[in-house]
Amino acid sequence: SEIDFMYRGGGCTNNVLNCVGEDVDSDEVWINIVSTAGNILWNQITLKDTFMNLRGIDDQMEVTIYEIENNRRGEELLKYGILTSCTDTAGLRLKNSYGILELVEFTTRDGGGVFVANAAFADVLITYDVELSFGSSIKAQITSATSNGGLASAPDSVNYSPPTDPIGSRSRYVFGRESYVIDLIDGDNDRAYAFDLEVFATSASNSNLPCDAAVTFEFDAN
């Protein structure tokens, strides 16, 4: 099983164990998380609002937060434990705060043995890119590209500058990326998203031969 937290900042709360230290609200800190069995679940510089996927959890874990000094962990700021067993005693609830961490997702196994994700947020990354159709040996010279993406009710449009070099059979050109964090519990009811990319190009060896493409991707987070 696994648990996802997000670094939000905070201090000792009444649902953590043996908490010692001060409130932490820095934009980035070093976070070390170790399970009761000694598994290192997390040990790195962590930015605020970072999703932290923890695997190998058991009944409890110890969280230690440090200052960052020269890209290494420095002085200890805060230390506490969290019960992580899937029981009422542990008191794990989505969007509850556990010290500096907010619980955003946990995975359970249903009666058929299938793993089920219980999530408070969806972390979505959209990449706008293009590549030649499989088997094509003719290079393409991109002349323009436009994307429209975001909430279907209010999409954002972006025009991209074409690359100087043509794309070949083994290359993929990335125009840009967009990321979204969608609140699945307390968010707005408007959660229908749509994304499309339209690319205009010609054959690199014959500018009179068009090579255009368009694609659309949609999802609803309700």
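Trainee: What should I know before reading the values?

Mentor: In this predicted model, local features need pLDDT of at least 70 and side-chain atom pairs count only at pLDDT 80 or more, while totals for chains, interfaces and linings use all residues. Residues are numbered from 1 along each chain as its sequence is written, and side-chain values use heavy atoms, with hydrogens and water left out.

Trainee: What is a pocket?

Mentor: On a 1 Å grid over the protein atoms alone, a pocket is an open set of points where a 1.4 Å probe fits, with protein on both sides within 12 Å along at least five of seven lines; lining residues have an atom within 4 Å of a point. Here the largest pocket is lined by 19 residues, and Glu131, Leu132, Ser133, Ala140 and Cys211 lie nearest its centre.

Trainee: Which strands supply the linings?

Mentor: Strands are DSSP runs (E, at least two residues), numbered from the N terminus. S11 (121-131), S12 (140-151), S15 (192-203) and S16 (206-210) each supply at least two lining residues to the largest pocket, and S15 gives the most, four. In the second largest pocket, S11, S15 and S17 (213-220) each supply at least two, with the largest share, four residues, from S11.
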